Amino acid sequence: MTLSAPAPAAPAPARPGRRQVHAVAGCYFVASFAALGLPPYLTAILPELGEGAARWAGLLYVVPTVFGAVGAPLWGRLADRYGRKRLLLRAQLGLAAAFLLAGFADSLELFAAALVLQGVLGGTFAASNGYLGATLEGAELSRALTLMQGSARAALVCAPVVVGALTPWLSPHRQYALLAVLPLAAAGMLAALPEPPRTAAPADTPAGDDGPDTAVGAAPAVAAPGALRSLYALEFVFVLSTVISFPYLLSLVEERLPGTGPVTSGALFALPHMCYLVGAVAAHRFCRRRPRPGLVLGFACTAAGSAGHAAATSLAGFAAVRLVLGAGLTLGLVGLSVLAADCAAGRAPGGLFGSIEFFSKAGAVAAGLAAAAGNAWFGPSAPLLIGTALALATVFACALPLIRRPRLRRSL
């Protein structure tokens, strides 16, 4: 009897190494410079386009976010179907095209169209997460998502400062065209990365659904649909309760601390994001095994920090409450990254992270609208109080199941 040689095992898909993960995060950082650094200067850009009073600045500020939310799920599903690297490159090139159009726009209408294109053609954050989610899982994926959030925070801290430093030589309007080279450079760097393995959705999964991927061998356990819905809801509420404090913080500081310079005000604005850069690694160690308690603590710190702004009357007081808010921002974002990594197991990552991006951007849009309404009716402290109420309500909603479980165990 002849024994046939065993069939060679299928090669394991290449997993991105640390350098590749850092490359994706670095590309997101450089591509985010114009997207995050230039919108604060809309009030200086619009007069160059014939809108002297800059009345449209608030609306144009959220235009890329609105259209980014609309496009994110579609681009995510297309990434699952046609390749995550291709769609990540598409996002970077789309940003570059939108920035070039914005930089050379000579009318308000053309500039607004460029911001619409930025939202529709962008989506680099969801595309980057989808690329990483294709070959990472569990703790590796949650660490990579934590790093991606760090890239966003670093860009949010650095970009407005760099744009302000360049303003004496080049107007913020024309800087859109200059900074278009950054996503182009990111696309060139990403072109050297490997394409993650593309897996097909099961036959019983509707097209575009965030269902499990088909893989050779044992399929990974898929999180329950309820866990996915909970993640979407927590993402929306967390972004809403934190971003609502951003738009009118400088007005509140100017009202409470007259004579405060722009550098000091900008440092206060950046403090929570710098907290993330300092504390994200430690927060990941805490949240990896206990994401729900970490999220509850994050929402509690967010509520305490937001509420503290109402009582802050000194520079030290503002710095203290901004640090507390930063602790909440760090724990919340890291906890959400861990939950997202858990939900990604067995699901098509493009569709999943595109949907998460939709709810995140929807929360940001709702925050901007709520902040504008609260400020108009009750002053610059109102958005912070709204954020406090939302965060406290979420603390009770999330903590109640954690409190009930030990009691149920003791009663059995």
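This is a predicted model: local features need pLDDT of at least 70, side-chain atom pairs count only at pLDDT 80 or more; totals for chains, interfaces and linings use all residues.

Residues are numbered from 1 along each chain as its sequence is written, and side-chain values use heavy atoms, with hydrogens and water left out.

**Exercise 1.** Work out how many helices and strands the chain has.

Solution. Start with the rule: helices (H or I, at least four residues) and strands (E, at least two) are DSSP runs, numbered from the N terminus. Count them up and you get 16 helices and zero strands.

**Exercise 2.** Decide whether histidine 273 is buried or exposed, and list what it touches.

Solution. First, find histidine 273 in helix 12, which spans residues 262–287. Next, recall the cut-offs: buried is under 20% relative accessible area, exposed is over 50%, and partly exposed is in between (1.4 Å probe, protein chains only). Histidine 273 has a relative accessible area of 0%, so it's buried. Last, look for contacts (heavy atoms within 4.5 Å). Leaving out residues up to four places away in sequence, histidine 273 touches Arg153, Leu156, Val157, Phe246 and Leu329.

**Exercise 3.** Now classify valine 70 by its accessibility.

Solution. Valine 70 sits in helix 3, residues 57–82. Its relative accessibility is 59%, so valine 70 counts as exposed. To finish, zoom out: of the chain's 412 residues, 48% count as buried.
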